[in-house]
Amino acid sequence: MITGVIHHYLAARAELDAPGSPFATTTEVVRGVPLKVFAACPPNMRVLWESSAGHGDKDYLVYEDERYTYAEVHAQVRKLAAHLVANGVHPGSRVAIAMRNYSEWVVAYWAIVSAGAAVVGMNAWWTAPEMEYALNDSEPLVLIADDERLERLNHMPAQRPMHIISVRSERTAPGGVTTWASVMAEADPGSLPDVSIDPDDDATIFYTSGTTGFPKGAQLTHRGSVHNIFNIIAMGAATNMAEAKAIAAGDVPAPTDVPPTPAQPVFMAPTPLFHVTACNCLLHPATVAGGRVVLTYKWDPGRALELIEREGVTNFSGVPTMSRELLMHPDWATRDTSTLAGMGGGGAALQPDLVGKIAGALKNGQPSTGYGMTETCGIITANSSRWFVAKPASCGPVVPTLEAKLVDEDGNDLAPGPDVRGVLCVRGAIVIKGYLNRPEATHDSIQDGWLNTGDIAMIDDDGFVYIVDRAKDMVLRGGENVFCSEVETAIYHHDAIAEACVFGIPDDRLGEDVAAVIVLREGHALSQAELAEFLSASLAKHKIPAKVWFREQPIPRNANGKFLKRELRKELVGE
């Protein structure tokens, strides 16, 4: 039965790629490399934003008790875009956004990309030194920031000149600030600025944790961002088409008591917009679909359930720990969650047991997941509905415009098969242009268009991908990438440290958490609490080790002098 169900899905994928389909693909040379692209695809994100004006008086953004229609947000976007251009922003410029998931984040995003500039997504958890690094690296002409981020800005020893727009704050900064309210009080120009945007211009700079102690600014292009949206829509269309085929063939029963289709899809955004998960994989497709986006101040499963009931949320997309906490919350049984048609998300693997729990808990919905990277503008694979239940350990097949292959440690291609494991490499229009100001890092990760994901994978006979391990020295903590070397670098700044080895340990809620083994210099003393306080000045809270082991003997190393992290983890936590 499973084979027959998967057959319907594969047939649907082939049908969607046939000539005449809106999702038909072709080959186009992009930055010197022939790549698979959608034949009918808008050239940039501004075109997609302008097309959403047709949703008019539909609710677009909901934040707590605030509510804004598409028409209202379009007016705000026009005002901000005009203000940015009047202050020197032009195609090729960069504008940084540093704030919580306020509605202003969304307005700022669409205004910046519509003006032809690139959005620099600042991690809201960053400390002042981390913010300072990204600002100096990206050199934005304008910074749009809320009160918390402005407070950190004022703690920086030196600030580069830039125009600052304050959001929900009365705080000042050196050189002065322009308030959001004053920008919104300006006259509506009635249209967006007249600018030219190339498909391969930067749309966004999102920072990824760095293997050398500093984050890298990934350059997401307009072409890549648009293709990610179309990939997501195509994957959903294939699922729906395959479901219809399976029912028509009698392989699965026709559903009964099907609820009416909601007048508007409603998406909850519980993860931060400065990541591709919420921005590219939720906000973008929700906007194209004319959906309502429910923003949250911070993650609270009880409040999320309240909003799901109040707003009739149809799509919940977060990291796996969020779905698990919703299902385990005592209010799950008393809140109306019947509108949920999809629940899951990305940022980390959705554990097989959770796939079954979601499938059993949703009255009218199915689990879903996606595997992706900042470096691919969003998703690489997607798995949902009965295909996910059939293959719960898989993150799904690759999206339509990607090529995928496995390579060995020396970069040699491997033939896919159920017993073959190798590093997953992908090539397509969604792969980033490169890393800002990092030509060597770009070359190390992307060659001839092929992106080395750093993940060890297997691809089965149906083309479904399974992530089995990571080659990168990285901890995936609740959807946040934490590179061990970055944490080790920060630890070594403490005078008491002789050796420091950082690695991931299992965590029931977060999937993984950060741990460290430390050897102190002779005559020095240090507690975990003292170390955490020291690190809080340079590292975001989620990067600080949750567990620290102090040892007197040197940390074991291999012949090349590298710490034996796998052996240490097995010794200390049994895995």
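Start by selecting residues 497-507 and 511-520: strands E27 and E28 form a hairpin with three residues between them. Strands here are DSSP runs of at least two residues (E) and helices of at least four (H or I), numbered from the N terminus. This is a predicted model, in which local features need pLDDT of at least 70 and side-chain atom pairs count only at pLDDT 80 or more, while totals for chains, interfaces and linings use all residues. Residues are numbered from 1 along each chain as its sequence is written, and side-chain values use heavy atoms, without hydrogens and water.

E27 and E28 run antiparallel and are joined by 10 bridges; two strands pair if DSSP finds at least two bridges between them. Show Phe503 and its bridge partner in E28, Ala515.

Ile518 stands opposite Phe550 in E29. Between E28 and E29, the chain passes through helix H16, residues 528-535, in a right-handed β-α-β crossover (clockwise from the first strand over the helix to the second, with the strands pointing away from the viewer).

Now colour E28 by burial. Eight of its 10 residues are buried, so E28 is largely enclosed by the rest of the structure (buried: under 20% relative accessible area, 1.4 Å probe, protein chains only).

Move to the largest nonpolar core, with 94 residues (buried Ala, Val, Leu, Ile, Met, Phe, Trp, Tyr and Cys joined through side-chain atoms within 4.5 Å). Among the residues touching the most other members are Tyr60, Trp110 and Ile144. Helix H4, residues 103-114, gives the most to this core, nine residues. Finally, select Ala304, Val319, Met343 and Leu350, which belong to a second, separate core of 23 residues.

Terms used. Buried < 20%, exposed > 50% of the residue type's maximum accessible area, 1.4 Å probe, protein only.
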